[in-house]
Amino acid sequence: MLSTNHRTYRADATIQTVFRRALTILFLLATACLAQQDQQPAAPQPTATPAEGKPQVKVNYLNVCTPGTDEEAIIKGALAAVQAKPAFSTDFEVSRGRTTLKDAPDAKYVRLRRDFAPESPLLTAQYSVSTDATNTVEILVLRPRDPKDFLQVVMEDRVSAEAAKPLSLLQVDTPASRIRIERLNKSSAVLTRCAEVDQNAYESMFRQASDIMAQYRSALGLRTAFHSDIAWLNPTPKAASVPKRKPATGKH
């Protein structure tokens with residue numbers, strides 16, 4: 001039979017073996033857990049979002065002196081769509097008034113809107129002329145019935161108020177100095193007369209816009225039916241007051 005000391009030795013050896021195996025198993029499990037964590041993708045970092053109540057603002061810069069090829073094609077296409085000989089219906093609306101703006105001189109204006117005939121591809125024509133102590137400005141706005149290509153064509157000319165009165169602009173057919181094509185959900189195409197820039201490549205567009213403005217001045221009746229409204233803009237010189245002569249009195 002085994003002695004008591006021998007049995008105790010064997011029990012201790014068995015306990016040590018089990019303990020070492022348990023430690024080995026725990027070490028392997030810990031190593032596997034760490035490896036699994038290293039293989040997992042890192043949690044995505046939160047991206048900066050714009051503050052609530054502050055919508056993003058997109059700014060488009062237009063080269064109005066030398067527009068690009070795309071803008072040039074848009075302007076030419078819109079001008080080509082304008083009727084050379086407009087046919088209007090009998091409906092019209094005319095208004096005139098005075099505006100006072102902060103940090104700007106007082107201005108007088110006349111606006112005329114006329115509807116095109118139902119068969120016309122254009123819907124309305126709006127002409128306005130305003131004058132103040134500095135400038136006299138004419139603007140012609142044409143709107144199509146179908147806005148898929150453009151919303152409106154805007155042609156403008158501007159002269160010094162000292163150089164010409166509003167009625168004079170109608171007589172000499174002042175050439176256009178600015179063309180703007182506004183489109184639905186797209187940026188506008190603009191061409192402006194710039195004295196310091198070589199614009200020979202755009203002269204045909206300026207000339208075509210000037211011809212359109214001249215045709216529409218006549219067709220809208222600005223020189224005939226609405227001549228008196230335009231004349232209202234011309235300042236009337238005040239007549240010099242002549243002092244009344246007192247009747248001569250004499251002693252008899």
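The largest nonpolar core of this predicted model has 36 residues; such a core is a set of buried Ala, Val, Leu, Ile, Met, Phe, Trp, Tyr and Cys residues joined through side-chain atoms within 4.5 Å, where buried means under 20% relative accessible area with a 1.4 Å probe, protein chains only. Leu-140, Leu-142, Met-155, Ile-179, Tyr-216 and Leu-220 have the most contacts inside the core. Helix α4 (residues 203-219) supplies the largest share, six residues; helices are DSSP runs of H or I with at least four residues, strands are runs of E with at least two, and both are numbered from the N terminus.

Leaving aside neighbours within four places in sequence, Tyr-216 is in contact (heavy atoms within 4.5 Å) with residues including Phe-88, Phe-116, Leu-140 and Leu-142.

Confidence is expressed as pLDDT, the predictor's value for each residue from 0 to 100. The mean pLDDT of the protein is 81, and 68% of its residues reach 70 or more. Where pLDDT is low, the predicted coordinates should not be read in detail.

Residues are numbered from 1 along each chain as its sequence is written. Because the model is predicted, local features need pLDDT of at least 70, side-chain atom pairs count only at pLDDT 80 or more, and totals for chains, interfaces and linings use all residues, while side-chain values use heavy atoms, leaving out hydrogens and water.

Terms used:
Buried means under 20% relative accessible area, exposed over 50%, partly exposed in between (1.4 Å probe, protein chains only).
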